[in-house]
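Here is a short briefing to read alongside the sequence and the 3D view. Have both open, and we can go through the fold together.

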Amino acid sequence: MSKVLVISTSLRAKSNSDILTERLIAGAKDAGHDVEHISLKGKEIKFCVGCLACQKTQKCVLKDDAVEIAEKVKDADTLVFATPIYYYEMSGQMKTLLDRMNPLYSSDYKFRNVYMLATATENEETTPEKAISGLQGWVDCFEKATLVDSLFCGGVSDPGEAAIKDTELEEAYKFGNQIK
């Protein structure tokens with residue numbers, strides 16, 4: 001049983017990625033994992049200022065919600081990031097959060113397995129490539145971690161539309177159920 005941290009990065013009400021994330025979480029729980037879910041809705045996450053003080057102190061000089069999220073990321077065995085695709089890339093708030101995880105770089109972080117769930121209006125196979133590449137770049141900085149897999153559910157645009165997409169709901173459940 002792994003300690004799985006799921007981070008939803010959509011700020012939209014009735015977000016399609018949040019709907020599918022709930023199914024992913026159900027699958028992960030049914031597989032026996034201890035799952036914690038954090039949504040970035042309502043969170044204050046400032047931009048990294050690039051001071052690099054965190055490399056010596058393992059603490060960020062900025063005081064906001066990213067500090068607490070980083071501690072949870074550090075202590076999780078497995079990370080799952082859920083993001084809508086904006087302009088063929090991960091959401092800006094997800095990228096900002098990843099930048100703010102810099103204090104973890106020189107820490108004794110626990111996470112080994114990283115996953116991504118992405119949604120978009122577009123439904124081409126190539127739609128999530130840049131978002132996956134962006135997360136892979138972050139994971140590459142953490143030598144003990146691996147981007148294990150990703151799930152893309154395209155063709156959902158209207159708020160809440162994913163709730164009636166039986167195939168995508170089942171795919172999200174199965175994706176969560178196979179998390180390590």
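**Sheet and fold briefing**

Strand β1 (residues 3-8) pairs with β2 in the parallel sense, over six bridges. Strands count as paired if DSSP finds at least two bridges between them, while the elements themselves are DSSP runs numbered from the N terminus: helices are H or I with at least four residues, strands are E with at least two. Please keep in mind that this is a predicted model, in which local features need pLDDT of at least 70 and side-chain atom pairs count only at pLDDT 80 or more, whereas totals for chains, interfaces and linings use all residues. Residues are numbered from 1 along each chain as its sequence is written, and side-chain values use heavy atoms, with hydrogens and water left out.

**The sheet**

- Five of the six residues of β1 are buried, which leaves the strand mostly covered; buried means under 20% relative accessible area, exposed over 50%, and partly exposed in between, with a 1.4 Å probe and protein chains only.
- The whole sheet is open and parallel, with five strands in the order β2-β1-β3-β4-β5.
- β2 (34-39) and β5 (146-154) stand at the edges with a single partner strand each, so one side of each has no neighbour in the sheet.
- From one strand to the next, the twist averages 15°.
- Helix α3 (residues 65-75) packs on the sheet and touches β1, β2 and β3 (78-84), its direction making about 145° with that of β1. A contact here means heavy atoms within 4.5 Å; axes are lines fitted to C-alpha atoms, for helices over the stretch in contact, and angles run from 0 to 180 degrees between N-to-C directions.

**The chain as a whole**

- The protein chain has six helices and five strands, and from the N terminus on its elements run β-α-β-α-α-β-α-β-α-β-α.
- Its radius of gyration is 16 Å, close to the 16 Å that the globule rule gives for 180 residues, so the protein chain is as compact as a globular protein of that length. The radius is taken over C-alpha atoms, and the rule is 2.2 Å times the number of residues to the power 0.38.
- Along the principal axes, the C-alpha atoms fill a box of roughly 50 × 35 × 30 Å.
- Buried residues make up 47% of the 180 residues in the protein chain.
- Of the contacts between residues at least 6 apart in sequence, 80% join residues at least 24 apart.
- The protein chain exposes about 8,900 Å², of which carbon and sulfur atoms supply 50%; the areas come from the Shrake-Rupley method with a 1.4 Å probe, and for residues only the protein chains shown count as cover.

**Aromatic rings**

- Rings of Phe, Tyr and Trp (its six-membered ring) pair if their centres lie within 6.5 Å; planes under 30 degrees apart count as stacked, over 60 as edge-to-face and the rest as tilted. By this rule there are eight aromatic pairs.
- The rings of Y105 and F142 have centres 6.3 Å apart and planes at 75°, so this pair is edge-to-face.
- That pair links distant parts of the chain, 37 residues apart: Y105 is in the loop between α4 (92-100) and β4 (113-120), and F142 is in the loop between α5 (129-140) and β5.
- Y105 is partly exposed at 45% relative accessible area, whereas F142 is buried at 3%.
- Ring pairs join F81, Y105, Y109, F111, W138 and F142 into a cluster.

**Helix α4**

- The buried residues of α4 are Q93, M94, T96, L97, L98 and R100, and they pack against β1, α3, β3, β4 and α5.
- D99 also lies in helix α4, but it counts as partly exposed at 33% relative accessibility.
- From D99 to T121 there are 22 residues in sequence and 26 Å in space, C-alpha to C-alpha.

**Backbone points to check**

- Q58 has a phi near 60°, a positive value in a residue other than glycine. Q58 lies in the loop between α2 (54-57) and α3 and is partly exposed at 35% relative accessibility.
- Y88 has a phi near 65°, again positive in a residue other than glycine. Y88 is in the loop between β3 and α4, partly exposed with a relative accessible area of 34%.
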